[in-house]
Amino acid sequence: MSIHYVAHTKEIEEGKSKIVELEGRSIGIYRIGDDYYALHNRCPHEGAQLCKGPVCGTTMPSNVYEYEFGRKGELVRCPWHGWEFEIKTGKSVFSDKVRTRSYKVQVDNGKIGIVL
Ligand code: FES
């Protein structure tokens, strides 16, 4: 495994992301608070560029006729059909078996590195 420095912390504001190309892969880097996460920029449904979708929250489990919104800023929503994925893990919100790949991120002196 090796670290590939692909961005600087100053480039990504809280709640925002940046898409980078690395060794033939398109990867979205996200900032949540002071932490950074990286997701494969491909939706497992039909292959959309997942990381071009909005950072969002979702509707939480609730009783009939109740509407509870939560997890604001923790998810990315696919721009094609709306599947939602956890930015921290790449896991979909509806199944443990459906996910996009996540990559380990390491920050050194403001440089954001992806471990491949
Ligand atoms: S391609 Fe992403 S939800 Fe369909």
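This briefing walks through the fold of one protein chain, from its overall build to single residues. The model is predicted. The chain has nine strands and zero helices. Six of the strands form an open antiparallel sheet. The largest nonpolar core has 20 residues.

**Overall build**

- Read along the sequence, the pattern is β-β-β-β-β-β-β-β-β.
- The C-alpha atoms fill a box of roughly 50 × 30 × 20 Å, taken along the principal axes.
- The radius of gyration is 15 Å. A compact globule with 116 residues would have a value near 13 Å, so the chain agrees with that rule.
- Of the 116 residues, 24% count as buried.
- Some contacts join residues at least 6 apart in sequence; among these, 44% join residues at least 24 apart.

**The six-stranded sheet**

- In what order do the strands of the open sheet lie? The order is E1-E9-E8-E4-E3-E2, and the pairing is antiparallel.
- The edge strands are E1 (3-8) and E2 (17-22). Each of these two pairs on one side only.
- From one strand to the next, the twist averages 30°.

**Pairing at the E1 end**

- E1 and E9 run antiparallel and are joined by five bridges.
- Ala-7 has Ile-112 of E9 as its bridge partner.
- E8 (residues 102-108) is also joined to E9 by five bridges, and this pair runs antiparallel.
- E9 spans residues 111-115. In a regular strand, side chains alternate between the two faces of the sheet.
- Which residues of E9 are on its covered face, and which on its uncovered face? Ile-112 and Ile-114 make up the covered face. Lys-111, Gly-113 and Val-115 make up the uncovered one.

**Pairing at the E2 end**

- E2 and E3 pair in the antiparallel sense over six bridges.
- Leu-22 has Arg-25 of E3 as its bridge partner.
- E3 (residues 25-32) and E4 (residues 35-40) also pair in the antiparallel sense, over six bridges.
- Gly-28 has Leu-39 of E4 as its bridge partner.

**The nonpolar core**

- Which residues have the most contacts inside the largest core? They are Ile-29, Tyr-37, Ala-38, Leu-39, Leu-50 and Val-105.
- E3, E4, E6 and E9 each give two or more residues to this core.
- E4 gives the most, with four residues.
- Take Tyr-37 as an example, leaving aside its neighbours within four places in sequence. Tyr-37 is then in contact with Tyr-30, Ile-32, Ile-87, Lys-88, Ser-102 and Val-105.

**Positive phi angles**

- Most residues other than glycine have a negative phi.
- Asn-109 is not a glycine, yet its phi is positive, about 50°.
- Where is Asn-109? Asn-109 is in the loop between E8 and E9. The hairpin of these strands has two residues between them.
- Is Asn-109 buried or exposed? Asn-109 is exposed, because 7 other C-beta atoms lie within 10 Å and the cut-off for exposed is 12 or fewer.
- Glu-23 takes a positive phi near 50° in the hairpin of E2 and E3. That hairpin has two residues between the strands.
- Arg-71 is not a glycine either, and has a positive phi of about 60°.
- Arg-71 lies in a strand, E6 (residues 69-77).
- Arg-71 counts as partly exposed, because it has 15 C-beta neighbours inside 10 Å. Partly exposed residues fall between the exposed cut-off of 12 or fewer and the buried cut-off of 20 or more.

**A loop residue: Ser-95**

- Ser-95 lies in the loop between E7 (84-86) and E8.
- Why does Ser-95 count as exposed? Ser-95 is exposed because 9 other C-beta atoms lie within 10 Å, and 12 or fewer is the cut-off.
- How far is Ser-95 from Ile-27? They are 68 residues apart in sequence. In space they are 22 Å apart, C-alpha to C-alpha.

Terms used: Residues are numbered from 1 along each chain as its sequence is written. This is a predicted model: local features need pLDDT of at least 70, side-chain atom pairs count only at pLDDT 80 or more; totals for chains, interfaces and linings use all residues. Two strands pair if DSSP finds at least two bridges between them. Axes are lines fitted to C-alpha atoms, for helices over the stretch in contact, and angles run from 0 to 180 degrees between N-to-C directions. The radius of gyration is taken over C-alpha atoms; the globule rule is 2.2 Å times the number of residues to the power 0.38. Two residues are in contact if their C-beta atoms, placed from the backbone, lie within 7 Å. A nonpolar core is a set of buried Ala, Val, Leu, Ile, Met, Phe, Trp, Tyr and Cys residues joined through C-beta atoms within 7 Å.
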